[in-house]
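Dear colleague,

Please find the structure below, handed over for your study. My notes on what was found in it follow.

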Amino acid sequence: MGLLKLGFQNQRLHLLHFVPESFSVSTSKFWVQNLTNNKGVKHSALSSTLRSKLIIAKALSTEAEALSQPKKMVKAIGVHELGGPEVLKYEDVELGDPKEGEIRIKNKAIGLNFIDIYFRKGVYKAATMPFTPGMEAVGEVTAVGPGLTGRKVGDVVAYAGNPMGSYAEEQILPADKVVPVPPSVDPIIAASIMLKGMTAQFLVRRCFKVESGHTVLVHAAAGGVGSLLCQWANALGATVIGTVSTEEKAAQAKEDGCHHVIIYKEEDFVACVNEITSGKGVEVVYDSVGKDTFQGSLACLKPRGYMVSFGQSSGSPDPVPLSALAAKSLFLTRPSMMQYTSTRDELLETAGEVFANVASGILRVRVNHKYPLSQAAQAHADLENRRTSGSVLLIP
């Protein structure tokens with residue numbers, strides 16, 4: 001068993017410390033410490049009163065043995081240094097049991113998002129190093145923490161956002177950060193749309209409220225979020241202009257509700273938007289590209305238009321002086337989903353609207369790419385080099 005160190009206070013024994021048997025101590029010895037004077041005595045010096053407490057010590061030894069058992073190991077992706085896709089290492093990591101307020105889930109599918117690349121490269125700073133990336137997954141609950149209600153083993157749940165760490169076979173999550181996946185939504189679809197769909201929801205419903213009659217410009221219209229923005233804005237009655245990089249992606253953007261598609265590698269998107277809108281401009285630009293499109297996006301806006309910069313796949317935009325916004329009284333925002341789902345009610349409402357639109361057919365999800373979790377590095381390389389369209393998943 002090993003060595004127990006016990007504390008004796010108020011006629012009760014308390015487990016203070018356990019030394020595994022690998023430390024070569026006699027299994028017949030343990031220490032009892034009087035917590036009032038910090039004096040320790042060996043078992044042979046115990047009074048008869050203390051000897052009567054040995055049954056308690058035996059019970060505590062069971063807890064100590066449990067503490068000495070090896071942790072469960074699962075496969076996960078670890079990042080030990082910042083850099084390119086090659087820093088993503090497929091490795092074994094320890095996974096404990098869920099604590100109070102937590103659940104353990106076995107992931108069925110993991111969403112790959114550009115924000116994962118930002119953390120891998122250091123554009124965004126992870127809280128720890130090394131770390132496991134990933135901010136989206138769907139899985140089955142395999143254990144719940146003590147006293148937890150509202151979740152049970154076997155539930156299928158989804159999460160998106162913090163805490164980071166979804167690139168793993170299994171993970172521990174706060175129970176209040178997951179949402180139930182309706183039976184009408186396939187787990188693979190849920191994993192591909194959770195973060196992207198909630199991002200689209202707050203962008204078109206709250207960050208700037210798209211309405212019938214509006215004209216919107218969506219960059220990267222064939223991407224994971226872009227395709228959902230096009231579908232959602234179209235369903236709300238807006239005229240949708242999308243930019244893409246290839247003819248193939250242009251065809252997809254049209255299927256997703258774009259009324260006008262611009263291949264930005266072949267055309268000047270500012271001139272095209274000016275022509276489409278007869279020089280009036282658009283009410284809002286949804287720009288996830290960043291540096292390469294930012295200034296042009298500002299030029300596409302009509303007076304009092306909204307510039308919504310929610311990503312930077314081409315790099316961070318150059319600083320913008322306030323005077324650049326003054327000429328047309330423009331609004332500029334750099335939103336994050338975390339601030340739009342910061343409360344439990346906001347999270348449930350946002351996810352609920354996404355799942356409802358999937359079930360009704362308003363949102364159609366293309367899961368165009370699936371990679372084994374072990375090939376996360378290749379998936380990152382393909383996404384970063386624009387070799388993907390629609391949603392990309394990692395499968396444990």
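**The largest pocket**

The lining of the largest pocket comprises 20 nonpolar, 16 polar and four charged residues (Ala, Val, Leu, Ile, Met, Phe, Trp, Tyr, Cys and Pro count as nonpolar, Asp, Glu, Lys and Arg as charged, and the others, Gly among them, as polar). The model is predicted: local features need pLDDT of at least 70 and side-chain atom pairs count only at pLDDT 80 or more, while totals for chains, interfaces and linings use all residues. Residues are numbered from 1 along each chain as its sequence is written, and side-chain values use heavy atoms, with hydrogens and water left out.

A pocket is, on a 1 Å grid over the protein atoms alone, an open set of points where a 1.4 Å probe fits, with protein on both sides within 12 Å along at least five of seven lines; lining residues have an atom within 4 Å of a point. The largest pocket holds about 840 Å³ of space, the volume being that filled by probe spheres set on the points. Of its 40 lining residues, Phe114, Tyr118, Val225, Ser288 and Phe310 lie nearest the centre. Helix α4 gives the most to this lining, with four residues (helices are DSSP runs of H or I, at least four residues, numbered from the N terminus).

**Two helices**

Helix α4 (residues 187-207) packs against helix α5 (residues 224-235) at about 45 degrees, with their axes 9 Å apart.

Yours sincerely

Note on methods. Axes fitted to C-alpha atoms, helices over the stretch in contact; angles between N-to-C directions.
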